[in-house]
Amino acid sequence: MTETPGRHRVLAGLLLAGVLGACSGVQTPLDPMGDHAARIAVLTWVLFIGGTAIFVLVMGLLVFAVFAPARIRQAFGTRGFVVGGGIIFPTVTLIALLIYSLGVSRAVVLPMSDNPLRIEVIARQYWWEVRYPDEGEGAVTANELRLPVGREVELLLSSADVIHSLWIPNLHGKMDMIPGRVNRQRMRADRPGVMRGQCTEFCGVQHTLMAFWAVAQEPAEFDAWLARQREPIAPPATPEQARGMQVFGEAGCGACHTVRGTEWQSRLGPDLSRVGSRLSLAAGALDNHRGTLAGWVAGAQDIKPGNNMPAFGRSLPGDDLLAVAAWMESLR
Amino acid sequence: MDTQAPKLELPNPLPRPEGELALLKQVWRQPPGWRAASEVNNGMIGPLFVAAALLFFLLAGLLGLIIRAQLAFPGLTLVNPDTYNQVFTMHGTVMMFLFAVPAVEAVAIALLPSMIGARELPFPRLGAFAFYIYLIGGLCFYSSLFFGIAPDGGWFMYPPLTSKAFSPGINTDMYLLGIGFIEISAIAGAIELIVGILRCRAPGMTLGRMPIYAWGILVFAVMVVFAFPAVIVASTLLELERAFDWPFFLPERGGDPMLWQHLFWFFGHPEVYVIFLPAAAMASMIVPAMAGARLVGHSLVVAALVGTGFLSFGLWVHHMYTTGIPPLSLSFFAAAGFAVSIPSGLQVFVWIATFASARQRIRFSPPALFILGFLFIFTLGGLTGVMVSVTPFDWQAHDTYFIVAHLHYVLIGGMVFPLFAALYYWAPAVGQPLSERLGKIAFWLLFIGTNLTFFPMHISGFMGMPRRIYTFPSGFGLELWNLLSSIGAATFAAGAAVILVDVVKNFRLRRQETQANQWNAGTLEWIATPQYGMRSVPLVRDRYPLWHDPDLKRQVEAGGHYLPFAATGRREALISSPAEATPQYIAYVGGPAWAHVVAAAGTAACFLSLAGSFVIPAAAAGLIAVAAFVTWMWNGTDFGPVGPERADIGGGIVLPTHATGPLTASWWAMVCTMLVSGTAYACLLGSYLFLWLVNGDAMWPPPGQGLPAPGWGAAAFALYGGAALCMTVAAWTLGEGRGWTHRLALLAGLGLLASGWAADGWALWQGPIRPTLHAYGASAWGLFVWQSAHVAIALLMGSYTLARSLTGKLGGQRRLTIDNTRLFWLYTVGQGSVGLVLLHGFPRLLP
């Protein structure tokens, strides 16, 4: 694989460009899905409109100062104009803005309820581990943040290596994930939907491909999903899947990954117990189906060079790759 | 122009005697041929400095083009992720450290002396040293890109990503050491500019009559003195962590990555204003000339510049809104952010008002166009700046392309456009004018290019695009905005190319003595010569001397004002009082030499070898540098009185040609140096206290580590005190420099200082305190490392002073050396004592 990096890079690029496509509006503060983002969006529009008005006003004055007939414009060439426009006007405007914006600041950090659903998000180069600490052993997933609609969640944000930052703009602003600290952020999804989130603090060579999907579900649907996460996996249903599971073990995948109900219990890489049900692979880098699963296992270093997942394209024959992919696809 | 000056009797009678001008020219003559490299005159170093800064602008701009090429379409992989990360890191780093700050400093070195009526800045060799260290170091640093060892952690280099575990290569060391020592250049230049502005102004140029540009540069330089030490300290700590495993930023051993962010942004936010204020001050010089009218609200602008300087030190947390700092604290910084926008907005209104008061319709020459473009772009960037001060807004905008848009609007609008305005405006003052036609073409390309590149980034940021990504996915509505940005970047590049062609084709340094005042400006830089500044140093009676007295140019060029000759037959500067600019003495200033060039090359080689872990070459280069510094001092400073003891500079003012003590420019420079050191030490003390706060009293010291041994601490305190006493006695008993009392006192002082230092360190070791186990030990030893460097320099200076005494180069009139050594010596002792009080006292007394 190392001999033909160019071909794979093109492939990786095509995968990225093509597969990531979804509808627009899934990663923007201007399409709020929850109360916090909605308040900030209103503030944003106030700033945009107010800023535009002031910009037009100042540029108007400049054009006037340069082009107006001398007698009229010279009346503006005074200290009084400078004091009025440069001191009094901004002071009044900014005091008003300060009062308003501090109100918004307060509103978006105040707790909304006493018993939010706690979700731990642990960032690693270059993926996200997501745990539901109050929901029992095994309530773990990766690169996907599911939350119930209408209930406040409290994210406990930490990092296992370098500084990352979690951003789901449709729900709230960013919060950094700093080694040695736990930052807390509360948010609430007010309607069901799928949103994209991304790491926004430069965290190394693959910072670019460190995204995830946030999925807001109706409470019943969410509870069912959570219960499903905790269950051990079912035995393989087909010979191909059985072969895939065997290859998984032989190739040493269990050294890094957890699959619930098996001997593989490592936390170095993402928990794969329900990998087949996820919306993306490799932290939002790829869509998730059998083809991309096989492609990722074979060429992780071409799709996401420098990440910690080794490429198995040279060590595993094609049939085995497909078998592993088939098995993982069945882990739903 | 408004009020005609009353006729005045000239300080010196005309015509001037035969031969006077010839001697002046002879004294200030530039060495011919290749020896010109030894020249230190600001008339040559200044323009070269500007040219070097523009070169780095082009080099960093090329990297920007690579970024825009990669991001033109989704999924492109023209450069691989690793290279891309080096490219964007270098783009930011080179633009900030090797273009923006040096460029504003360079313009100041080129223009400021003539603007304040000085022949030269007080320490031309220091200025030349700053230039060479920057040029050599900068080019080597940039070249790291070609070897794949360029920094790759973003220009603010957050650990632990940049710690050894996650960045094992030397890329980070290139940044920490490579950029670290270029800061020395910025600080050296700043000290020279502070002393130059405060002590070298023409007679009568009180602070009230000083041009706005000098105010801007004064505030700039003071900010450099207080801001840059923080990044030097941060770089030192991170390098200590990387090289010796001292865990300042590693949480598992009591360190905290947030410490870096506080230190870096304590430098990094003022840095923005460090870049903007001089550029704003340029605009405040150019606008009146374009309008043919005085700046409206001169004193308001001065207040705005000084106010911005102060406020900017209270804003560093702006870059840390998303780090989890409690919202109540953030609201203070939000308010401070709003407050700092007022002085900037005020200046916009000042420029508008000055345009409004123009006598005639403004002519759209290139400088006027660039100023108008600056107002457009900067105002927009300023408004988005207010937006990102608003905490919840910033939580969304932070680290997205909205910020990329904002910072480029502010820096290109607030610095690059004024710089190009300055280039077209002042080119005739230092050389040949540039082409009006090319200037206009360049302006439109740059103006359209800037807006086309960066305006769409506001949108792509709000469409969810984070900064520092090497590609972006399709289908999120990002394609159009990124393509527009890339087209804009190409347009901008075309504009920069036009300027390059214009400069290469048309610009030549001026050789002839007189110049045309092309814009009919009112300030003194328009009557200076390239070598010795003014023919005679003018008596200044107004903020716009050339408008105030249209005959001034003729009088000055005829030699009718002050000091129309070389009083001692050497290069000299008129030193005046800081507020009223009353002439005080005539100072010798350095001429062509080589030692500073060798010192610059040695320093650069030393630091760059260290970055590559080549310890022996680094040590050799360091020794060469130290030897060059000593030679520079030994042969080039502290001559004592030479030539006539007093000189009549005209108008009945008789001045000494030599001075000692607090009157001298050299004493002022030493005080500035101590402010730099003191600020750095304060940052280290702050780091110690910050880490203490983070760890809590129970872990300070952590189990297994102790407090420094009090007995040895007391001994260190006493020995430091004794060293201070000895130095004081030595300076006191110097007499004519031939007795033995001061020599013995110096010798004893050297011994006591060295012993004090040893006791200081031994007390830590006995604690026991070990630097690698915990941030407690690391921060204690970090303070000691800084103190050790000062002790080493103080010992070198003390030995040097002793050697000067033994060779008869020290005396009652010739005591600059011992005065400055004493200052630094007492500072070092004081710093050590503060460290002892903190390390021994605080943990024992406070809890």
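Colleague: What makes C140(B) count as buried, exposed or partly exposed?
Modeller: Buried takes 20 or more other C-beta atoms within 10 Å of the residue's own, exposed takes 12 or fewer, and partly exposed is in between, with C-beta atoms placed from the backbone. C140(B) has 16 such neighbours, so it counts as partly exposed.
Modeller: Bear in mind that this is a predicted model, where local features need pLDDT of at least 70, side-chain atom pairs count only at pLDDT 80 or more, and totals for chains, interfaces and linings use all residues. Residues are numbered from 1 along each chain as its sequence is written, while chains are lettered from A and ligands numbered from 1 in the order in which they are written.

Colleague: Which residues does C140(B) touch, leaving out those up to four places away in sequence?
Modeller: A604(B) and L608(B). Contact here asks for C-beta atoms, placed from the backbone, within 7 Å.

Colleague: How many residues of chain A are in contact with chain B?
Modeller: 73 residues of chain A meet 70 of chain B. On chain A's side, α4(A) gives the most, with 16 residues.

Notes
Contact = placed C-beta atoms within 7 Å. Helix = DSSP H or I, 4+ residues; strand = E, 2+ residues; numbered from the N terminus.
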